[in-house]
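Me: I am new to this structure. Could you show me how to read it, feature by feature?

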Amino acid sequence: MMIGDGMGYAQLDVTRAYKGEALFLESGKHRGDIKTANADTLGYENLPDLGVNYYTDSASAATAMATGRKVISGTIAQARPGDASDLQTILEYAQSLGKSVGVVATSHCVHATPAAFAAHGPNRNDFVTLSKSMYGKVKPNVTLCGSKQVDGVDVISEEATKAGYTLIKTKTDLISALATLPETDENAEIFFAGIFGEDEIPYVLPLSDQNSYEMQDIPQLNEMTAAAIEILSKNPNGFVLMVEGSQIDFASHNNDEERMIHETIAFDKTVKEVANWAELRSDSMVIATADHETGGLQLEKTNGVGEVPEVSWLWGSHTNVDVPIASWGLNSHAFVGRTVENTAIYNVMRGALDAQ
Ligand SMILES: [Zn+2]
């Protein structure tokens, strides 16, 4: 399950104009559209302490994909509206089948999207609660993503260490750790936390020399994804992995077109590598989509290959326009030519798991 956070059709349009060719995401024949509105927009009753967001946030959108339930903004895999109980995520369902599970993201590890697949909580910004839930309770086998400082403490690394995870902080250490993996992991007993950067992961296009992947010895999205697949593949019962290109959204919030383009290219490259891997197999499905569009972006004028096109932005927040979905491998025809709710993604993944 691969999610370009904030990656609407306009983000693909603008990135294509810059590249001068179609993205890999656009090249597959198995493509459709996803509706992204959450329970706030759809008119359910709101809990008073969480407020109303007309446009979906990443927590509720990821919860819809991870659990098949529409929830209100800010919710991490809990029944809100409803009895506020934890909703089993597709990763937890896969665990019940003896599979290994993991999350990879260019946000920090308990940011909304990875959290909604592997943690539970009422508030997406309570990173301590979400870290305890992710590492202490759900226990995904692999998390490769950024760190987060709360009151001067790297809370994610702290909880992962407490829970007995092997903690990795650099790309160099990740490469050495891969060399020490056991031959097989049939009981899903590897617990591996790569938590990179002092506080979050840099953009692909760095904001400064210091704040770059190279200077901080951090793996790129496709490298983290390949490492996660290598680790999770040790389980002969199979695996479920969620991969997020998180910073397409961050750049779009800032209306930072050039960084948005480079984050989208990095995500597209990762999808291509994973889809090529899956297409050599008969037992794997890859879904790539977005949780919502960010910025109300529109392409106004192309400026040629390698030149940043002229665009307009509606604002610095999300919209509810339909977003693309593409899939490869097992059951990949499920979304062809259709417009479905984001909750349908959960059903398709569940169907693929039950068919194994
Ligand atoms: Zn956002």
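Reply: Gladly. Keep in mind that this is a predicted model. We start with a pair of helices.

Me: How do I describe two packed helices?

Reply: Two numbers do the work: the angle between the axes and the distance between them. Here, take helix 9 (residues 221–232) and helix 11. Their axes come within 8 Å and cross at roughly 30°. Angles under 35 degrees count as roughly parallel, so helix 9 is roughly parallel to helix 11. The crossing is right-handed.

Me: Which residues of helix 9 and helix 11 make the contact?

Reply: Helix 9 gives Leu221, Asn222, Thr225, Ala226 and Ile229. Helix 11 gives Ala266, Phe267, Lys269, Thr270, Glu273, Val274 and Trp277. By type, the residues of this contact are seven nonpolar, three polar and two charged.

Me: Now the sheet. What is the order of its strands?

Reply: First the general idea. Strands of a sheet pair through backbone hydrogen bonds, either parallel or antiparallel. In this model, an open sheet of ten strands runs 7-8-4-3-9-1-10-15-2-16, with mixed pairing. Strand 7 (166–168) and strand 16 (339–341) are at the edges. Each has a single partner strand, so one side of each has no neighbour in the sheet. On average, neighbouring strands are turned by 20° against each other, direction ignored.

Me: What packs on the sheet?

Reply: Helix 6 (residues 155–162) does. It touches strand 3 (100–108), strand 7 and strand 8 (192–196). The direction of helix 6 makes about 165° with that of strand 8.

Me: In which sense do strand 1 and strand 10 pair?

Reply: Strand 1 (residues 2–4) and strand 10 (residues 285–290) pair in the parallel sense, over three bridges. Met2 sits opposite Ala288 of strand 10.

Me: How many residues of helix 1 are buried?

Reply: Burial is a count of neighbours: 20 or more other C-beta atoms within 10 Å. In helix 1 (residues 9–19), eight of the eleven residues are buried, so the helix is largely enclosed by the rest of the structure. Among them are Leu12, Val14 and Tyr18. Their cover includes helix 10 (247–253), helix 11 (257–279) and strand 15 (323–329). After helix 1 comes Gly20, with a positive phi near 80°.

Me: Is His292 buried or exposed?

Reply: Buried, because His292 has 28 C-beta neighbours inside 10 Å. This residue lies in the loop between strand 10 and strand 11. Its contacts include Gly6, Thr36, His318 and Asn320. His292 and Ile3 are 289 residues apart along the chain, yet their C-alpha atoms are separated by 9.7 Å.

Methods: Residues numbered from 1 in each chain as written. Predicted model: local features only at pLDDT ≥ 70, side-chain atom pairs only at ≥ 80, totals over all residues. Pairing = 2+ DSSP bridges. Helix = DSSP H or I, 4+ residues; strand = E, 2+ residues; numbered from the N terminus. Axes fitted to C-alpha atoms, helices over the stretch in contact; angles between N-to-C directions. Contact = placed C-beta atoms within 7 Å. Buried ≥ 20, exposed ≤ 12 C-beta atoms within 10 Å, placed from the backbone. Parallel < 35°, antiparallel > 145°, perpendicular 65-115°, else oblique. Left-handed = near helix turned anticlockwise from the far one by under 90°. Nonpolar A, V, L, I, M, F, W, Y, C, P; charged D, E, K, R; others polar. Lists of a residue's contacts leave out its neighbours within four places in sequence.
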